[in-house]
Amino acid sequence: MSQRLGDLLVREKVISAEQLEQALATQRQGGGRLGSVLVRLGFLTDEDVTNFLSRQYGVPAINLQYFEIDPQVVKLIPYETAKRYQILPLSRVGASLTIAMVDPTNVFAIDDIKFMTGFNIEPVVASETTILDGIERAYNSAPPEESLESVVAQFSEDESAVELQEEDDDLSLGDLEKAADEAPVVKLVNMILREAVKRKASDIHIEPYEKEYRVRYRVDGMLASVMSPPMKMKDAITSRVKIMAKLDISEKRLPQDGRIMLRMVIDGKKKQLDYRVSSLPTLWGEKIVLRLLDKENLRLDMTQLGFEAESLEKFQKAILKPYGMVLVTGPTGSGKTNTLYSAISLLNKPDTNIMTAEDPVEFQLAGVNQVQMKEQIGLNFAAALRSFLRQDPNIILVGEIRDFETAEIAIKAALTGHLVLSTLHTNGAPETISRLMNMGIEPFLVATSVHMIVAQRLVRRICKDCREEVPLPPQAMLEAGFTPQEVKNGAKVFKGRGCSTCNGGGYKGRAGLYEVMEVDDEIRELILVGASVVELKKKAIERGMITLRRSGLIKAMDGVTTLEEVARETVH
């Protein structure tokens with residue numbers, strides 16, 4: 001490798017021919033690797049050599065100074081072997097073992113370790129100095145730092161087993177040791193993931209700033225800080241999460257997406273979890289967001305979602321039609337996927353062929369043909385929809401209508417005897433009509449294909465254990481949107497006082513607000529003449545549509561949510 005490395009460095013103009021000659025002469029006298037000699041002579045830094053090798057051989061580079069090595073993985077390779085080949089085992093995911101190497105082209109070392117451990121070997125490049133330091137550090141197993149242990153201690157003492165799960169590989173619970181026996185960074189990441197499940201968080205945010213490193217959970221739609229790990233753990237935590245999600249740990253300049261499949265034991269109960277992982281380069285390092293997809297939180301019973309009785313009846317009538325389009329709209333995180341999955345589960349019968357195009361597939365549904373979008377190879381919603389029409393479908397679900405092409409194919413499918421379900425990002429049901437027309441769809445196509453539009457939002461539920469009535473003057477009730485008749489009849493609103501059940505917040509769980517607009521003959525006529533959103537909304541209310549604000553007020557009177565939540569999510 002030495003001669004080859006020297007020639008490559010000269011050819012790439014990283015060093016001069018004279019510097020190479022001097023380094024080779026020094027090497028002949030004192031021995032050692034050429035890379036180390038160049039560093040010793042001051043021609044290059046350790047980082048220059050590893051980055052060059054990484055680029056040249058297409059192998060990720062890693063700085064071991066910031067990487068916490070898993071002691072369980074170190075046991076897989078004897079100390080003498082690690083010293084001889086100048087390698088360091090870093091982590092194991094399923095049947096793959098990641099090792100740091102000075103020379104990633106050393107096939108003898110790779111084959112030897114593959115034979116010794118029985119794992120597939122994934123090499124990363126590190127400098128000779130950091131690998132030798134790392135070997136001494138790992139095999140002498142220095143005690144972990146107190147500061148990190150104190151952060152870990154912020155969490156509960158329940159040392160539940162956390163286990164990576166390969167999509168095709170069924171691992172046993174014994175494969176990963178309990179958190180107490182693991183390296184501090186592994187233990188910390190496992191605790192962050194486990195605590196999120198216990199607190200029923202939907203997302204985990206791991207965020208670096210100039211002088212702070214923090215972890216936040218989104219619970220019931222609201223973000224709250226839960227801990228601040230030491231700044232120097234930033235790279236180690238990021239690398240650990242990226243390795244678990246099978247991302248490239250050396251690529252820190254571009255956003256990456258992956259997923260982590262886990263099995264956990266929480267409160268004596270075994271749970272299967274799926275985390276969608278997104279890394280984003282920011283000013284102070286990579287921010288990582290994990291979206292927690294817990295099958296147990298998926299409610300497929302439509303009566304439990306929060307529809308008003310008349311709205312639910314209309315929605316069920318629309319999805320039981322043999323053809324046409326039903327659209328569910330709302331911002332990200334408003335529960336659209338849950339509503340569509342509930343509709344699909346109601347329609348999922350042995351005599352029905354259901355095809356879905358999703359990005360990503362959030363939950364696997366038995367008996368439903370689900371297709372994951374892959375934009376990089378040209379599999380987008382439009383391409384999937386075209387293929388679906390040749391697959392003899394009864395019902396088609398399109399994850400999202402984003403462009404004219406997808407909208408056009410979906411509408412044609414709805415007009416040729418298929419039931420099409422999809423989502424759009426709009427503020428309300430009547431606005432969806434205008435959005436489709438702005439995309440370029442002709443009004444007569446919109447009028448004939450779309451049968452129903454459902455707009456929805458999620459609001460926090462008042463905690464049942466500390467709910468109490470709030471006295472409110474009649475004028476404030478009228479301004480919020482209650483009718484004079486309701487105020488006269490003594491309509492009441494509630495709030496949560498705050499208790500141990502809801503951690504003093506007054507809220508626990510979430511409920512849906514729904515605006516269900518049926519496209520009947522009168523609304524069709526308005527669409528055909530190009531009526532405005534205001535006119536469409538006015539006519540829909542005349543025809544019995546319950547608006548989002550009205551849905552919220554009904555739930556406020558029923559003690560489900562507060563007026564503040566309704567005002568936060570809806571407009572008058």
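Which residue in strand 10 is the bridge partner of Pro 281? Point 4 gives the reply.

1. Basis. This is a predicted model, in which local features need pLDDT of at least 70, side-chain atom pairs count only at pLDDT 80 or more, and totals for chains, interfaces and linings use all residues. Residues are numbered from 1 along each chain as its sequence is written, and side-chain values use heavy atoms, with hydrogens and water left out.

2. Overall picture. The chain has 23 helices and 19 strands; these are DSSP runs numbered from the N terminus (helices H or I, at least four residues; strands E, at least two). Its C-alpha atoms fill a box of roughly 95 × 55 × 45 Å along the principal axes. Of the 572 residues, 51% count as buried (under 20% relative accessible area, with a 1.4 Å probe and protein chains only). Among contacts in the chain with a separation of 6 or more, 64% are between residues 24 or more positions apart; contact means heavy atoms within 4.5 Å.

3. An open sheet of 3 strands has the order 1-2-3 and mixed pairing, where two strands pair if DSSP finds at least two bridges between them. Strand 1 (87-93) and strand 3 (120-125) are at the edges with a single partner strand each, so one side of each has no neighbour in the sheet. On average, neighbouring strands of this sheet are turned by 30 degrees against each other, direction ignored. Strand 2 (residues 96-101) runs parallel to strand 3, joined by 6 bridges, and Leu 97 has Ile 121 in strand 3 as its bridge partner. Helix 8 (residues 128-139) lies across strand 1 and strand 2, at about 65 degrees to strand 1. Axes here are lines fitted to C-alpha atoms, for helices over the stretch in contact, and angles run from 0 to 180 degrees between N-to-C directions.

4. Strand 8 (residues 256-266) and strand 9 (residues 269-282) are antiparallel over 11 bridges, with Ile 266 opposite Lys 269 in strand 9. Their hairpin has 2 residues between the strands, and Asp 267 takes a positive phi near 55 degrees there. A second hairpin leads from strand 9 to strand 10 through 2 residues. Strand 9 pairs with strand 10 (residues 285-293) in the antiparallel sense over 9 bridges; the bridge partner of Pro 281 is Glu 286.

5. Strand 14 (residues 395-398) and strand 15 (residues 419-424) run parallel with 4 bridges, one pairing Val 398 with Ser 422.

6. Helix pair. Helix 20 (residues 521-528) and helix 21 (residues 533-542) pack at about 175 degrees, with axes 10 Å apart. The two are therefore roughly antiparallel (a term for angles over 145 degrees). Glu 522, Ile 523, Leu 526 and Ile 527 in helix 20 meet Glu 535, Leu 536, Lys 539 and Ala 540 in helix 21. These contact residues comprise 5 nonpolar, no polar and 3 charged (Ala, Val, Leu, Ile, Met, Phe, Trp, Tyr, Cys and Pro are nonpolar; Asp, Glu, Lys and Arg charged; the others, Gly among them, polar).

Definitions and conventions. Parallel < 35°, antiparallel > 145°, perpendicular 65-115°, else oblique. Buried < 20%, exposed > 50% of the residue type's maximum accessible area, 1.4 Å probe, protein only.
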